[in-house]
Amino acid sequence: MTDSINLTIDGNPVHVAPGMTILKAAASAGIEIPTICYHDYCTANALCRLCVVEVEGARTLVPSCVAKVSEGMQVSTHTERVKRARRTILEMLATTVDLSEAPDIQAYMREYGAQDERFPEAEQRFSPVLDDNPMYIRDYSKCVLCWRCVQVCAEDAQYTHAINFTGRGFETQIGTFFDKPLPETTCVFCGQCVAVCPTNALKPKRQWLLEQGHSPDEIMSLTRTERRRRMRREAAAEQPATGGKS
Amino acid sequence: MTLNDRVVSTTCPFCGVGCTLQLHMQDDFIYRVTSPHDSVVNHGNLCVKGRFGYDFVYNQKRVTTPLIRRTPQKPGQRSQAFDLSEWREATWDEALDYIADRQMEIYRRDGAHAMAVFCCAKATNEDNYLIEKLFRSLFRTNHVDHCTRLCHAASVVALQMAVGSSAMSNTAAEVALNDVFIVTGSNTSENHPIIALQMKAAIQKNGAKLIVVDPRRVEMVNYATLWLPEKPGSDVSVFSAMAHVILKEKLYNQAFIDERTENFAAFAASMEKFTPEYAESVSGVDRNLIVEAARLYGNAKNAAIYWSLGIPEHTHGTANALALINLALLTGNIGRPGTGLNPLRGQNNVQGASDMGAMPWHYPGYQRVDNEDNARKFEQAWNIEPGGLNRQLGLTTTEIVSSIGPGGVQALYIMGENPMMSEPDLNHTRHKFEQLEFLVAQDIFINESGAFADVFLPATSWAEKDGTFTNTDRRVQRVRQAIQPRGQARPDWKILCDLAKRLEARLGRPNSAYWDYQHPSDIMREIGSVVPEYRGITYPRIEREGIQVPSWDEDHPGTPYLFAGTFPRGRGKFHPLDDAHMAEMPDEDYPLILTTGRVLEHWHGGTLTRHSWLDDLFPEALMEINPADAARLNVAEGSPVRVTSRRGSIVLRARVTQKTTPGVVFIPFHFHEAAANLLTQDVIDPQAKIPEYKASAVRVAPASESELVNPEARQVRGRY
């Protein structure tokens, strides 16, 4: 085992510790590789493939967030083939997912000249906003399935295992077991999932309400307990007038 | 609509972990909380309270104007006023003058003994330093205490006796270095959630082995190698039996015992009777489990003990904590990274409030008030005539409450605490509060205690003021003002200075103890001048990252773990122990043991979290009962039950669960609708004066829905 691995990235000689990923090695040489699903504090799963690079001698493009450096490796991070792959990934994402609140991905689209109209026939993934708890909402129309939320809910932080992938193929989505509302799952509402979401598919409820134009005072009178109380009051007030209709 | 994103970095106001929070705001409305992934304490992780529980700041029930009671309150007829119509709004000048006049009247008539204060483990170090300074220097009383009495008082006393310190010996994150660790009397995953994450990672990723000793099957048991399900209150016998096995099998660290400890022989002799068989008969724990646990801990390279309130909150809490300390001294698992004696402190700043002398026997820095040199030192620091400060030990919280009445405490000042929820035997506490001649509450909501007050002073929340908190592993961290004070609310330190100046003027003493601080950083400089451990703490030094005290001077980097070469008292002292029993054993009339505690979503007396959307997640008190007991008593899941002790009775819903062992029921103490502390008793540990919250004899019987205070408050949860 050597102490240091020698490789070239975009023609620059780089010396790094063994076991390092290409992504980290490139960063250490000041070369930035774009990523979506990768997060410094989550386990990398090479899901989005935006970080692919060309490695001399490799048949396919290699996901740099998980691929480790090796001696004599020659890596190219911005070849035409790489750029086309990234552009296509971004175009497919833009076609199927609402990226309106993902500024980083939008910036990549501009950088790589990705057209969001590239696949006009394609179906948009749509699901209604899930507002089933007082802490945060889930808008899976904005979800790019990066898996970070699932990771932090599991071994990357919380060991709670409240959410995971459900469905297959195009129907794949993040969800709870049997689609139960979050309070009825093992969820502890730590919000680590909200913190690592790259597209604002997960959002604190008060932020969501504020963005919809509610004033802070309106929001603070919107607790579920208050709503329930108000509902009961209204029901009670209604009862005599309608002759005890239940 | 795109929001503005103004970000202020601060420290979480809930538990003692001390997570870094970044508050994201539009105007003065916090709409999102994040934490940097390189934050030193919590590595970006937060729990539900830190992430979402800050909204109490904006709750519309918050009081933001000084209030004076419309009907003058008289001792014996004092009543609670929750409704604003029973108060009239006052100016700050009027409210403070009124307080100063009334306090002076009582002080002049009855003297120092009549004056008492409850400080606040939620307030900053600066606030707590000032309030104890105010009462000690102006009213010359040491009746200064706070809720530490009700949580880790016995741990502090035991640590003082055995090693001469009173805090976690090691950094919480060092759990990553443990190969074996004991968690006892702590529901870590609910009450110190971020430390629990680090514990889980240590087990799952590093292969550390966990021993849980607890009468409840708390979540950490899912990660444990061994679970010792003891009967409440039997800690001394379980841990002493472990020591017995370690002694018999020679698993102890002779070199450490020789070099660093004293009183070993007497201790070893006292362990003779604690055979595993004997401990089994007392605690109900299988003798083989005790032997296995002793071998696991005794053979470990780096072993640590983490405990919380299940250890100290007993009439023999000091003995419980000493049993743990004995184990660490016996095996030499102290004074190195990844070892230690680690009482997990509850409140965000209970360590700091204790360090600041918010206690009846100590000036700031644990300097005894009955020591002449200490008194002289503080007389000089506070510009007081020689002999002016009171040399007598003051009363503790529970003693202050008991002493209320003629000849005892007449005027009480409460800063941010809620003894009417947190003291034991609340019917007794209520009776005592009714006898007060004068009561001031300084808080953000009118809670059960503040409702008794004559004057209510609206303080700012943690988001509206600057200061510092000291977390459970002794890290002093910045609290930063993020938003403007709501309404006319003022930061505690300013209120205290304004009141102190008024009192000084009325006292007519020649010297001032000094109250002209411009900023909390000035107060911290004064703290550093009287508390050697805080000498190195200045605001510029902790701007980016907190420093762990002791920090002896401005070049000292802080102390991640204590006792590397020596103990503050010199040698660590073994303490011989004898059996210890609960004050109240179950009997025919009251056959079950009630143990109290907390849940993830709520905080203590509920002043903050019951005014937050957190309450939607956990809206009602639930009593946990084992399926075996439930079947016998005809109690179904979710059905109402009446729980009765010799002191009181409450009705709440039952949660039938294996989480509690047969013979034991558990009730969280957050809910005024079914206040668990109506049932508990105010018998106290003789050394630490801490009440026995963790064991009261009760009986349980089915009740009807109509007896519930709020039968509609229900939330189905998957994790309970």
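Student: Why are α7(B) and α12(B) called roughly parallel to each other?

Tutor: In this predicted model, α7(B) and helix α12 (residues 317–331) of chain B pack at an angle of about 15°, with their axes 8 Å apart. Angles under 35 degrees count as roughly parallel, over 145 as roughly antiparallel, 65 to 115 as roughly perpendicular and the rest as oblique, and therefore α7(B) and α12(B) are roughly parallel to each other. The axes are lines fitted to C-alpha atoms, for helices over the stretch in contact, and the angles run from 0 to 180 degrees between N-to-C directions; helices and strands themselves are DSSP runs numbered from the N terminus (H or I of at least four residues for helices, E of at least two for strands).

Student: Before we go on, how are the residues and chains labelled, and what limits apply to a predicted model?

Tutor: Residues are numbered from 1 along each chain as its sequence is written, while chains are lettered from A and ligands numbered from 1 in the order in which they are written. As this is a predicted model, local features need pLDDT of at least 70 and side-chain atom pairs count only at pLDDT 80 or more, whereas totals for chains, interfaces and linings use all residues.

Student: Which way do α7(B) and α12(B) cross, and what residues make the contact?

Tutor: α7(B) passes α12(B) in a left-handed crossing, the term for a near helix turned anticlockwise from the far one by less than a right angle, with right-handed used if clockwise. The contact, counted where C-beta atoms placed from the backbone lie within 7 Å, includes Phe239(B) and Ala243(B) of α7(B) and Leu324(B) and Leu327(B) of α12(B). The residues of this contact of α7(B) with α12(B) divide into ten nonpolar, four polar and one charged, where Ala, Val, Leu, Ile, Met, Phe, Trp, Tyr, Cys and Pro count as nonpolar, Asp, Glu, Lys and Arg as charged, and the others, Gly among them, as polar.

Student: At what angle does α7(B) pack with α11(B), and what is the handedness of the crossing?

Tutor: Helix α7 (residues 235–248) of chain B and helix α11 (residues 287–299) of chain B pack at an angle of about 65°, with their axes 8 Å apart, and their crossing is right-handed. Among the residues in contact are Val238(B) and Val245(B) of α7(B) and Ile290(B) and Tyr297(B) of α11(B), and by class the contact of α7(B) with α11(B) has ten nonpolar, one polar and no charged residues.

Student: What makes α3(B) roughly parallel to α18(B)?

Tutor: α3(B) and α18(B) pack at an angle of about 15°, with their axes 9 Å apart, and that angle makes α3(B) roughly parallel to α18(B). Their crossing is left-handed. The contact is made by residues including Leu130(B) and Leu134(B) of α3(B) and Trp493(B) and Leu496(B) of α18(B), and the contact of α3(B) with α18(B) has ten nonpolar, no polar and four charged residues.

Student: How do you know whether Ser354(B) is buried or exposed?

Tutor: A residue is buried if 20 or more other C-beta atoms lie within 10 Å of its own, exposed if 12 or fewer, and partly exposed in between, with C-beta atoms placed from the backbone. Ser354(B) has 27 C-beta neighbours inside 10 Å and therefore counts as buried. Ser354(B) is found in helix α13 (residues 350–355) of chain B, and, leaving aside neighbours within four places in sequence, Ser354(B) is in contact with Thr148(B), Val156(B), Ser166(B) and Met359(B).

Student: Why do the buried residues of α19(B) line one face of the helix?

Tutor: The buried residues of helix α19 (residues 520–530) of chain B are Pro520(B), Ile523(B), Met524(B), Ile527(B) and Val530(B). Seen down the axis of α19(B), these buried residues fall within an arc of 120°, so they line one face of the helix; the arc is that of the directions from the helix axis to the C-beta atoms. What covers the buried residues of α19(B) includes α3 (125–138) and α18 (492–507) of chain B.

Student: Why does Arg49(A) count as partly exposed?

Tutor: Arg49(A) has 16 C-beta neighbours inside 10 Å, and therefore counts as partly exposed. Arg49(A) also has a positive phi of about 70° although it is not a glycine, and its place is in the loop between α1 (22–28) and β3 (52–55) of chain A.

Key:
Two residues are in contact if their C-beta atoms, placed from the backbone, lie within 7 Å.
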